[in-house]
Amino acid sequence: MGSGFKIYFFIGKGGVGKTTCAAAFALSLANKGYKTLITSLDPAHNLGDVLDRKVGEEPTKIVDNLYAMEVDFEKMIMKHLKELSNRIKDIYGYLRVFNLDKYIDTLRHSPGVEEYATLEKIIEIIKRNTDNKEYDVLIFDTPPTGLTIRIMALPSISLIWIKKLIELRLKILERRRAIERITGEKIKAIIAGKELEISSIPEEDPIYKELVELYNEIDTINKILTDGEVTSVILVVNPELLPVIEASRAYNFLRKLNIPIKSVIINKVLREKEMILPNELRIKIELQKKALKKVNEIFQGLRMITIPLFSREPRGLKDLGTLSKYLYKLYEGL
Amino acid sequence: MKLQSRVVTLIKMKIRKFIDIVKGTLQAKSIEYIQVELRELENIFALILLGSFIGLPSPPTSISLRLLQHMARELLVMQHVSERLDDMLGEMAGLFEIS
C-alpha cells in the first residue's frame with residue numbers, strides 16, 4: 001500500500017451477502033496488519049450480527065486493527081436536516097425567532113434526502129481519515145444497489161450542474177461588462193432600498209466565487225471516488241439471474257461515472273461435485289450455470305472471486321476467517 | 001468681436017449638446033438589446049437554480065442553498081419578469097420594432 005489509505009465499497013442487491021463479504025475482507029486486512037474501519041451504511045444493519053459483536057454508531061474495536069460502525073440512518077438524516085436548517089438560519093437570521101426545527105420532520109420526507117445524508121456521511125468519514133490518517137483501509141457496506149448508485153452519482157451530477165451554472169454566470173458577467181464599456185459606468189441596482197453597484201468581473205462576483213468554491217469542494221470528493229489508486233468498488237452477486245442483471249446495471253452506470261470497479265464476488269455458489277444433489281436442486285444448478293455464464297460475459301476483465309455456499313450462514317469471526325481465505329485476489333493492488 | 005465670440009461659443013455648446021443627445025440615444029439603443037439579454041440570462045439563472053418553485057427540475061439542494069444568499073438581484077429580476085409575463089411579447093415586439 002502506498003502512503004495514502006484505500007477505500008472499498010461493497011455493492012449488490014439486498015441479501016446477496018455484501019455485509020458478510022465486506023466483514024470477512026475487513027477481518028483479513030486487519031489480520032494482515034492494516035488498520036481497517038468497516039462502516040455499514042445499510043438502513044437494515046446486520047454488520048453487528050455478522051461480526052457477532054455489538055457495533056455502535058462510532059467506531060467500535062472488534063479485534064486488533066479492526067473497527068466497525070453502524071450508521072444510524074434516522075439520526076444521520078436528522079443531522080443532515082439540522083445542518084440544512086442551520087444554514088438557512090445563517091442566511092435568514094430573523095428566522096431564529098421561528099422554530100424551524102419543528103418543520104424538520106416534514107423535510108425528512110423530501111425526495112433525495114437519504115442520498116444527500118448518506119453521501120455527507122461518506123464524505124465526513126473520508127475527510128476525517130484524510131485529516132488524521134487513522135485507518136489504512138475504509139470499507140463501506142452499502143445500502144441495496146438502487147440507492148447506492150444514486151449516492152455515488154451525486155458528486156458527478158452536482159459537478160455537471162455547477163459547470164453549467166458557471167458557464168451561464170460568465171455569460172451574465174460578460175453582458176454586464178459590455179454594458180459598462182458602452183455607458184462608461186458601473187451597473188447599479190436597487191436592492192432593499194439601497195443603490196448598489198453590481199459586479200461584472202468574475203473575481204468580484206460573489207455567485208461566481210461561490211460556484212468555483214463549491215466546484216472545488218465537490219471535485220475533491222469526486223476525484224477520490226474516481227481514483228483507481230484509492231477507491232475500488234466490489235460488486236457482490238449470487239449465481240442467480242436477477243442479482244447478476246442488477247449488478248450489470250450498476251456496473252454500466254458506475255463505469256459512466258468513472259468510478260473504478262475492479263472485482264466481482266460470486267457468493268453462495270453451489271458446488272455440485274462435492275455435493276450429493278437432491279433432485280430439487282438440479283434445476284437450481286442449471287440456473288446457476290446460466291447465471292455464471294452471464295457473469296463471465298458481462299464482467300469480462302474484472303477479477304472474479306467465487307465463494308461457495310456454506311453449510312451454515314457465516315457468523316462470527318471464526319466463520320469470517322474461513323470465508324476470507326477465498327478473498328485473497330482482492331489484496332492485489334493493495 | 002465679443003458678440004461674435006459669444007455666438008460661436010453658444011453654437012459650439014448647442015452642437016456639443018446635440019452630439020451628446022445623439023450619442024446618448026445611440027448608446028441607449030445599442031445597450032437595449034444587451035440589457036434585455038442580460039435580464040433574461042439573470043432570469044434563467046434564477047429559474048434554473050430555484051426552479052423547483054415552479055416544478056422545474058433543479059440542481060442538488062446544497063448548490064441552491066449555497067448561492068441563495070447572493071441571489072438578491074437575480075430574484076428581483078425573476079420577480080420583475082414574472083410580473084410582466086403577459087407584457088413580454090409586446091416588449092419584444094417593441095424592441096425589434098415589429099408593429
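**The sheet and its surroundings**

Modeller: The secondary structure of chain A consists of 10 helices and 10 strands, and the model is a predicted one. Along the principal axes, the C-alpha atoms of chain A occupy a box of roughly 90 × 40 × 40 Å. Chain A has 334 residues, and 37% of them are buried. Among the contacts in chain A with a separation of 6 or more, 74% are between residues 24 or more positions apart.

Now to the part you asked about. Chain A has an open sheet of 8 strands, in the order β3-β4-β2-β5-β1-β8-β9-β10, and the pairing is mixed. At the edges are β3 (60–63) and β10 (303–308) of chain A; each has a single partner strand, so one side of each has no neighbour in the sheet. From one strand to the next, the twist averages 25°. As background, the strands of a sheet pair through backbone hydrogen bonds, in either a parallel or an antiparallel manner.

β3(A) and strand β4 (residues 66–70) of chain A run antiparallel and are joined by 3 bridges. One position to look at here is A:K61, which has A:Y67 in β4(A) as its bridge partner.

A further antiparallel pair in chain A is formed by strand β6 (residues 188–191) and strand β7 (residues 194–197), with 4 bridges between them. A:K188 has its bridge partner in β7(A), namely A:E197. The hairpin of β6(A) and β7(A) has 2 residues between the strands, and A:A192 adopts a positive phi near 50° there.

Helix α1 (residues 18–31) and helix α10 (residues 316–324) of chain A have axes that come within 8 Å and cross at roughly 85°. Angles of 65 to 115 degrees count as roughly perpendicular, and α1(A) and α10(A) are therefore roughly perpendicular to each other. On the α1(A) side, the contact involves A:T20, A:A23, A:A24, A:F25, A:L27 and A:S28. On the α10(A) side, the residues are A:L317, A:L320, A:G321, A:L323 and A:S324. By class, this contact of α1(A) with α10(A) has 7 nonpolar residues, 4 polar ones and no charged ones.

The second chain comes next. In the interface, 26 residues of chain A are in contact with 25 residues of chain B. On the chain B side, α1 (2–49), α2 (61–68) and α3 (72–83) are the elements that give two or more residues. The largest share comes from α1(B), with 11 residues. Sorted by class, the side of chain B that touches chain A is made up of 14 nonpolar, 7 polar and 4 charged residues.

B:A46 lies in helix α1 of chain B. A residue counts as buried if 20 or more other C-beta atoms lie within 10 Å of its own; B:A46 has 22 and is therefore buried. Leaving aside residues up to four places away in sequence, B:A46 touches B:M71, B:E74, B:L75, B:V77 and B:M78. B:S64 is 18 residues from B:A46 along the chain, and the C-alpha atoms of the two are separated by 9.5 Å.

How values were computed. Residues are numbered from 1 along each chain as its sequence is written. Chains are lettered from A and ligands numbered from 1 in the order in which they are written. This is a predicted model: local features need pLDDT of at least 70, side-chain atom pairs count only at pLDDT 80 or more; totals for chains, interfaces and linings use all residues. Two residues are in contact if their C-beta atoms, placed from the backbone, lie within 7 Å. Ala, Val, Leu, Ile, Met, Phe, Trp, Tyr, Cys and Pro count as nonpolar, Asp, Glu, Lys and Arg as charged, and the others, Gly among them, as polar. Axes are lines fitted to C-alpha atoms, for helices over the stretch in contact, and angles run from 0 to 180 degrees between N-to-C directions. Angles under 35 degrees count as roughly parallel, over 145 as roughly antiparallel, 65 to 115 as roughly perpendicular and the rest as oblique. A residue is buried if 20 or more other C-beta atoms lie within 10 Å of its own, exposed if 12 or fewer, and partly exposed in between; C-beta atoms are placed from the backbone. Two strands pair if DSSP finds at least two bridges between them.
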